[in-house]
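Me: Please take me through how the parts of this protein are arranged and joined, keeping each answer tied to the model itself.

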Amino acid sequence: MNAITVNSAFEQHFSTAPDITVRAPGRINLIGEHTDYNGGFVLPAAIDKAIWLAAGKRSDGRFAFYALDLNDNYVSDDADTVFQDRHKWANYLLGVISEARKDGLHIGGLNVVFGGDVPLGAGLSSSAALESGTMFILNELFQLGLSRMDIVRLAQRGENNFVGMKCGIMDMFASVISRENTVVRLDCRSLEYEYFPFDAPGYSLVLCDSGVKHTLVDSEYNTRREECEEGVAVLKQYNPGISTLRDVSLELLKQHAAELRPVVFRRCKYVVEEIARVQLACAALQRNDLATLGQLMFQTHDGLNLEYEVSVPEINFLVEKARENPAVLGARMMGGGFGGCTINLVETAGLEDFIETTSAAYLSKYGITLKTYPVKLTAGTSVIS
Ligand code: GLA
């Protein structure tokens with residue numbers, strides 16, 4: 001899949017050339033998991049797996065979308081953006097249109113064809129790429145004058161308010177704002193960000209896709225958010241300046257441990273420590289200390305598994321295999337949890353052996369053929385033609 005395939009599908013489908021073609025990438029996150037909705041730091045990057053969208057205006061005010069990979073069509077009945085049950089994927093496009101209109105932005109009729117190679121359900125944020133890519137196109141075609149950060153926020157609102165997943169800002173941010181060969185640290189409280197070159201000759205980032213997708217992921221995700229908020233509500237009584245876990249120190253949290261439900265204490269402890277780990281990871285990157293970065297990734301995994309409790313046995317198994325392998329500097333579950341991928345920082349010389357041995361062990365333990373994706377860090381959403 002690439003821009004050429006999507007463009008020619010557009011021409012076939014709508015008998016005209018598209019006005020614009022956009023590449024909207026998926027993302028990884030090096031470290032900083034479940035910190036975005038807690039006002040903390042994340043360290044994501046866009047990758048060389050993307051969704052391409054070809055689009056053109058139409059004069060009747062309707063929306064016609066074609067999902068190339070699914071060979072499925074959506075056409076709106078009128079100029080309204082109606083929640084779609086039958087074509088669930090269309091909600092990602094309709095959501096951003098609906099949110100943009102709430103802001104009084106003028107959006108006319110639109111044809112879109114899209115397709116890509118971001119594996120679905122693997123935690124690489126294909127939905128955020130689709131939402132951000134759609135918003136990016138709307139901005140260009142209808143000359144909305146939005147900044148990249150405006151696009152990020154509207155895409156997140158589409159997911160939160162229309163699709164109904166209360167995700168944080170990280171995925172859309174990474175898809176839109178990233179630069180080649182860098183990771184970007186976002187302060188999710190102030191929305192300030194800084195690029196850190198990820199320049200690691202001799203090392204590779206590789207994702208291991210567990211092939212597991214837990215159906216509870218959305219509800220569990222929202223529960224984690226509520227547990228964090230419960231912790232904040234208690235701690236706020238002692239310091240009204242606290243509005244998210246970003247404002248909480250480990251010391252304060254421990255002081256009030258007895259007033260928190262044990263599960264809430266565990267969740268909060270993980271988040272407070274994870275926010276600090278992102279800062280340590282950035283410092284390690286700056287001095288090119290990949291060994292420390294790797295250790296921090298393992299620590300994150302332990303926290304996600306034991307304290308935040310969002311891992312699953314298959315993912316733990318993959319991380320344990322990575323831990324046993326001398327070529328691996330660090331590994332952890334990546335993304336929201338309950339399946340998806342692990343991210344592994346591996347010496348390139350030992351990469352082939354790592355993939356082979358981990359795949360064989362995974363197949364024999366779970367009967368699942370492991371998919372692995374070595375990733376390159378790429379620029380964020382951009383116009384291709
Ligand atoms: C999902 C959400 C993100 C973030 C991660 C966990 O990917 O969409 O906003 O919260 O989980 O770090």
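**The interface between the domains**

Reply: Domain 1 and domain 2 bury about 3200 Å² between them, 65% of it on carbon and sulfur atoms; buried area here is the accessible area (1.4 Å probe) that two parts lose on being put together, summed over both. This is a predicted model, in which local features need pLDDT of at least 70 and side-chain atom pairs count only at pLDDT 80 or more, while totals for chains, interfaces and linings use all residues. Residues are numbered from 1 along each chain as its sequence is written, and side-chain values use heavy atoms, with hydrogens and water left out.

Me: Which residues make up domain 1 and domain 2?
Reply: The bounds come from an automatic or database domain assignment. Domain 1 is written in two segments, 3-197 + 379-383, and domain 2 is 203-375.

Me: How many residues of domain 1 are in contact with domain 2?
Reply: Contact means heavy atoms within 4.5 Å. On the side of domain 2, 43 residues take part, and the number from domain 1 is 36.

Me: How many salt bridges are there between domain 1 and domain 2?
Reply: A salt bridge is a side-chain nitrogen of Lys or Arg within 4 Å of a carboxyl oxygen of Asp or Glu. By this rule the protein as a whole comes to 21 salt bridges, and between domain 1 and domain 2 the count is three.

Me: What distance separates the closest N and O atoms of Arg 332 and Glu 33?
Reply: Side chains of opposite charge can pair when their charged atoms come close. Arg 332 and Glu 33 form a salt bridge, and their closest N and O atoms are apart by 2.7 Å.

Me: How many residues apart in sequence are the parts that Arg 189 and Asp 247 tie together?
Reply: These two residues form a salt bridge with closest N and O atoms 2.5 Å apart. Arg 189 lies in the loop between E7 and E8, whereas Asp 247 lies in the loop between helix H6 (217-236) and helix H7 (250-255), so the pair ties together parts whose separation in sequence is 58 residues.

Key
Helix = DSSP H or I, 4+ residues; strand = E, 2+ residues; numbered from the N terminus.
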